[in-house]
Amino acid sequence: MIVLKKPILTEKSMAKTADGKYTFLVDRNANKHQIKKFVEVNFKVNVIKINIINYKGEIKLKKGRYKVKTRDYSKAIVTLLKDQKMPGFEEK
């Protein structure tokens with residue numbers, strides 16, 4: 001199972017990287033233990049805390065007449081030990 005799908009790189013999430021918090025789009029069935037193990041092994045950092053936020057898909061109109069439901073997704077905010085950084089998240 002692929003636990004982390006992709007990082008979420010918005011202004012708000014990049015501002016939190018200064019505090020050691022990184023945001024990822026994760027698999028809906030992944031739990032905190034799986035996410036923690038995956039991040040620690042692949043990025044070689046120490047994880048303190050993980051918050052998971054579940055979002056339900058919205059119902060939208062397509063072409064003004066067809067109702068379409070967007071996908072459900074989960075987001076995880078990973079907090080690292082103080083003074084640790086993940087590679088690839090540096091601001092330029």
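Student: Is Tyr-55 buried, partly exposed or exposed?

Tutor: Buried means under 20% relative accessible area, exposed means over 50%, and partly exposed lies in between (1.4 Å probe, protein chains only). Tyr-55 has 28% relative accessibility, so it counts as partly exposed. Please note that this is a predicted model, in which local features need pLDDT of at least 70 and side-chain atom pairs count only at pLDDT 80 or more, while totals for chains, interfaces and linings use all residues. Residues are numbered from 1 along each chain as its sequence is written, and side-chain values use heavy atoms, leaving out hydrogens and water.

Student: How many aromatic pairs does a search of the whole structure find?

Tutor: Rings of Phe, Tyr and Trp (its six-membered ring) pair if their centres lie within 6.5 Å; planes under 30 degrees apart count as stacked, over 60 as edge-to-face and the rest as tilted. The search finds two such pairs. Phe-24 and Phe-43 have ring centres 6.2 Å apart and planes at 35°, so this pair is tilted.

Student: Which parts of the chain does the pair of Phe-24 and Phe-43 link?

Tutor: Helices (H or I, at least four residues) and strands (E, at least two) are DSSP runs, numbered from the N terminus. Phe-24 is in strand E2 (residues 21-26) and Phe-43 in helix H2, 19 residues apart. Phe-24 is buried at 3% relative accessibility, whereas Phe-43 is partly exposed at 24%.

Student: What kind of pair do Tyr-55 and Tyr-73 form?

Tutor: Their pair is stacked, with 4.8 Å centre to centre and 20° between the planes. Tyr-55 belongs to strand E3 (residues 47-55) and Tyr-73 to strand E6 (residues 73-80), so the pair ties together parts 18 residues apart in sequence.
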